[in-house]
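Student: I have a structure open and would like to go through its fold. Can we take it step by step?
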Amino acid sequence: MSAKVIIGAQWGDEGKAKIIDILSEQSDVVVRSQGGNNAGHTVTVNGEVYKFHLVPSGILYPGTTCVVGNGVVIDPKGILEEIALLHNKGISTENLRISLRAHIVMPYHKTLDGIKEEYRGNSDIGTTKKGIGPCYMDKAERSGIRMCDYLNPEIFEAKVRENVELKNSIIKNVYNGDVQFDADQVLEEYRGYLKQLEPYFADTTVIVYDAIKEGKKVLFEGAQGTLLDIDLGTYPYVTSSHPVTGGVCVGAGVGPTLIDDCIGVMKGYVTRVGKGPFPTELFDEMGEQIRNVGHEFGTTTGRPRRTGWFDAVIGKFAVRTSGLTAIALNKIDVLADIDKVKICVAYKKDGALVKEFPASLEDLAKCEPVYEEMDGWGDITNIRSYSELPETAKAYVKRVEELCGAKVTMVGVGPNRDQNIYVD
Ligand code: IMP
């Protein structure tokens with residue numbers, strides 16, 4: 001039995017796509033379990049660049065079953081565009097399966113996402129405006145529309161009409177907005193999309209369970225990251241799903257006893273998009289250097305990412321809340337040619353040492369990082385084995401491991417698949 005989960009252990013964008021791609025090639029089934037097309041995974045194979053938002057990147061490997069699980073919120077237009085792009089590049093999607101239980105992102109979700117952000121003004125969250133929050137709101141409020149509803153035309157029509165009426169009223173009467181939806185148009189448009197998606201519909205919990213029981217290799221690919229988790233992250237500057245490993249169980253409909261390994265992906269530094277406190281954030285030339293060398297600009301929105309030193313308080317938090325069995329430490333090549341690399345080992349707040357990641361944002365905003373300095377390293381992008389890494393880089397890897405409390409099993413020294421070193 002081999003079921004592995006990969007999650008982001010920081011604020012997302014840890015370079016999960018590369019690790020997922022490496023492990024997907026060896027997997028029989030690849031499963032996405034939360035989030036929506038707010039996520040962006042870029043994979044380069046044989047010089048060809050693929051940008052994924054909803055479809056697991058395992059689709060690039062013939063014979064790999066790719067599952068979009070019940071916990072994912074699906075923009076039908078978005079996923080169809082992704083499928084069309086794949087077809088244009090000669091990639092088959094016959095092994096794609098979409099959960100009948102997954103919720104559908106409707107056009108009013110996207111409108112409401114934008115309106116709510118505007119309404120928040122200076123306290124906006126900086127969402128991707130893909131309708132993710134409003135779709136999960138409807139799910140939790142029990143008025144959402146699921147893939148299986150499409151298969152029952154009367155139910156589907158009634159739900160769309162009811163939602164459109166209510167959302168129109170909210171847009172107009174609560175937010176004073178002028179966008180109004182026409183239920184007939186929405187029905188026609190969405191029936192068109194869902195008809196095309198119907199061949200992919202399945203009870204994906206059965207596919208995943210059977211695969212694990214048959215001893216196949218199953219990979220659960222996370223989107224976003226631990227600190228964007230709606231329960232455990234820097235609330236309210238979070239997404240509306242559960243990017244931690246526990247989210248995989250619910251979002252893929254798989255029990256925790258069926259999972260063997262939980263790998264957390266971290267970068268050798270930290271980035272975040274959107275708003276909210278970020279203790280190790282760099283506002284100087286060093287921050288700019290890391291952003292440029294690391295190409296830290298959003299895949300989905302193109303926004304420049306905020307950058308900062310590695311934060312082991314966050315790393316430890318991720319190890320604890322996701323029960324990580326291993327760490328993949330990415331992009332340490334980006335830190336090349338820095339004389340002294342800093343690593344945050346704790347925070348200081350009002351003169352006291354803080355060793356655990358605080359729940360309150362107000363507390364977090366007051367936290368000053370306590371740094372350790374380590375000697376840097378030069379260009380390591382051509383190194384392919386751990387033993388060849390400079391001693392200073394090895395010391396950095398070991399320190400991350402010690403401070404976070406899980407073994408670093410992979411180190412990334414560049415964007416390509418072969419620039420991934422297994423630690424002996
Ligand atoms: P939402 O998921 O669009 O509602 O956005 C909520 C917050 O999560 C915002 O700060 C986004 O920038 C952030 N976010 C959502 N998806 C990602 C991602 O894939 N990587 C990094 N940040 C993300």
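Student: In what order do the ten strands of the open sheet come?
Tutor: This is a predicted model. The order of the sheet is β9-β7-β5-β2-β10-β1-β11-β14-β18-β19, and its pairing is mixed.

Student: Which are the edge strands?
Tutor: They are β9, residues 201-202, and β19, residues 420-422. Each of these pairs on one side only.

Student: How many bridges join β18 to β19, and do they run parallel or antiparallel?
Tutor: Strand β18, residues 408-412, is joined to β19 by three bridges, and the two run antiparallel. Within that pair, Asn-420 of β19 stands opposite Gly-412.

Student: And helix α9, which strands is it touching?
Tutor: Helix α9 covers residues 245-252 and packs on the sheet. It touches β1 (2-8), β2 (29-32), β10 (217-221) and β11 (261-267). The direction of α9 makes about 120° with that of β1.

Student: Switching to the whole chain: how many helices and strands are there?
Tutor: The chain has 13 helices and 19 strands.

Student: Why is it said to be as compact as a globular protein of that length?
Tutor: Its radius of gyration is 22 Å, close to the 22 Å that the globule rule gives for 424 residues, so the chain is as compact as a globular protein of that length. The C-alpha trace spans about 65 × 50 × 40 Å along its principal axes.

Student: What share of the residues counts as buried?
Tutor: Of the 424 residues, 56% count as buried. The chain exposes about 17600 Å², and carbon and sulfur atoms supply 49% of that area.

Definitions and conventions. Residues are numbered from 1 along each chain as its sequence is written. This is a predicted model: local features need pLDDT of at least 70, side-chain atom pairs count only at pLDDT 80 or more; totals for chains, interfaces and linings use all residues. Side-chain values use heavy atoms; hydrogens and water are left out. Two strands pair if DSSP finds at least two bridges between them. Helices (H or I, at least four residues) and strands (E, at least two) are DSSP runs, numbered from the N terminus. Contact means heavy atoms within 4.5 Å. Axes are lines fitted to C-alpha atoms, for helices over the stretch in contact, and angles run from 0 to 180 degrees between N-to-C directions. The radius of gyration is taken over C-alpha atoms; the globule rule is 2.2 Å times the number of residues to the power 0.38. Buried means under 20% relative accessible area, exposed over 50%, partly exposed in between (1.4 Å probe, protein chains only). Accessible areas come from the Shrake-Rupley method with a 1.4 Å probe; for residues, only the protein chains shown count as cover.
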